[in-house]
Amino acid sequence: MSAEQEHPKKAFGWAARDSSGVLSPFNFSRRETGEKDVTFKVAYCGICHSDLHLIKNELESTEWGASTYPLVPGHEIVGVVTEVGSKVEKFKVGDKVGVGCMVGSCHSCDNCANNLENYCPRWIPTFGGKYHDGTTTYGGYSDIMVADEHFVVNIPDNLPLDGAAPLLCAGITTYSPLRYFGLDKPGMHVGVAGLGGLGHVAVKFAKAMGVKVTVISTSPGKEEEAIKHLQADSFLVSRDEDQMQAAMGTMDGIIDTVSANHPLLPYIDLLKSHGKLVLVGAPEKRPELPVFPLLMGRKIVAGSCVGGMKETQEMIDFAAKHNVTADIEVIPIDYVNTAMERLAKTDVRYRFVIDIGNTLKPSS
């Protein structure tokens with residue numbers, strides 16, 4: 001019998017019961033606080049596009065696999081610690097903390113040994129997965145969270161919890177490739193393709209690193225937002241052949257955040273020799289990869305998926321130092337189904353964040 005079954009901790013949240021994607025109130029249990037666990041009261045939880053995909057079982061044919069129900073989404077979770085286990089060393093009651101995309105890994109593979117738990121073959125997603133004991137993982141659309149301290153990050157006091165929540169997914173998803181692929185050097189020229197939940201945070205991090213940033217978008221109407229609000233240095237309309245032609249061979253790298261199906265060649269052409277196109281969005285269809293343009297410039301097309309726990313803490317600390325937060329629309333929990341409908345239409349600027357602490361009640 002699992003620890004969760006032996007000592008259930010009552011929890012309440014909102015869950016999808018089937019692939020219709022409709023969320024409704026749901027009573028469940030969390031495991032009792034183990035000796036290395038941190039329990040916290042959830043204050044806010046961001047809504048990621050993958051939440052929408054998973055509640056509708058839209059990723060069944062991908063590496064994610066079929067969704068299992070009931071499904072409590074949410075992997076951009078922040079709150080305040082209410083209890084810690086006897087062997088917890090990094091946290092105490094009252095600390096501001098967060099949990100991102102994962103709550104477990106094997107701790108024995110090469111990736112785990114190198115602080116890359118996100119690439120562990122046995123990583124455990126924060127929701128819709130299975131713990132080592134077989135119990136289901138439930139996400140942050142809920143009143144409390146229990147997680148191993150290894151997968152909990154400290155949120156510095158000067159970082160607002162609501163604006164920090166999306167950094168635990170969107171933030172680390174864009175910060176990690178900027179660092180790993182060396183696109184963080186002052187004076188470099190980096191493109192950010194797509195100006196949504198991921199893209200706007202990528203612009204903020206790149207600017208904070210001292211990089212020259214060009215936003216690449218299909219929407220001309222986003223130019224003012226990109227340059228005046230987000231302080232991007234320039235803006236390219238990807239459907240404008242003249243603009244794209246003029247910018248060919250000018251970028252050291254591009255962070256491609258676009259999740260819609262799109263051709264890669266126009267972005268590859270923007271790269272200098274040795275340039276890097278890093279995909280962090282997840283288009284439904286596999287893209288065609290033109291090889292010849294890669295050969296002629298020793299260019300790289302790569303992928304990146306969130307980051308390990310050490311780097312996630314580094315990212316949060318960097319965000320606090322440079323005042324980087326997500327641009328958010330805070331919503332009550334009973335607005336969540338409407339928010340999902342709007343998210344499907346990309347009608348949000350740029351991330352929904354659910355006010356769990358003030359609006360999630362057992363009577364909801």
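Residues are numbered from 1 along each chain as its sequence is written. In this predicted model local features need pLDDT of at least 70 and side-chain atom pairs count only at pLDDT 80 or more, while totals for chains, interfaces and linings use all residues, and side-chain values use heavy atoms, with hydrogens and water left out.

Colleague: How are H5 and H11 oriented to each other?
Modeller: Helices here are DSSP runs of H or I with at least four residues, and strands are runs of E with at least two, numbered from the N terminus. Helix H5 (residues 170–180) packs with helix H11 (residues 309–322) at an angle of about 100°, their axes being 10 Å apart, where axes are lines fitted to C-alpha atoms over the stretch in contact and angles run from 0 to 180 degrees between N-to-C directions. Angles under 35 degrees count as roughly parallel, over 145 as roughly antiparallel, 65 to 115 as roughly perpendicular and the rest as oblique. H5 and H11 are therefore roughly perpendicular.

Colleague: Which elements do the buried residues of H11 pack against?
Modeller: Buried means under 20% relative accessible area, exposed over 50%, and partly exposed in between, with a 1.4 Å probe and protein chains only. In H11 the buried residues include Met 309, Ile 316 and Phe 318. With contact meaning heavy atoms within 4.5 Å, the buried residues of H11 pack against strand E6 (102–104), strand E9 (153–154), H5 and helix H6 (197–208).

Colleague: What share of the 364 residues of the protein chain counts as buried?
Modeller: The protein chain has 13 helices and 17 strands, and its C-alpha atoms fill a box of roughly 65 × 40 × 40 Å along the principal axes. Of its 364 residues, the share that counts as buried is 55%.
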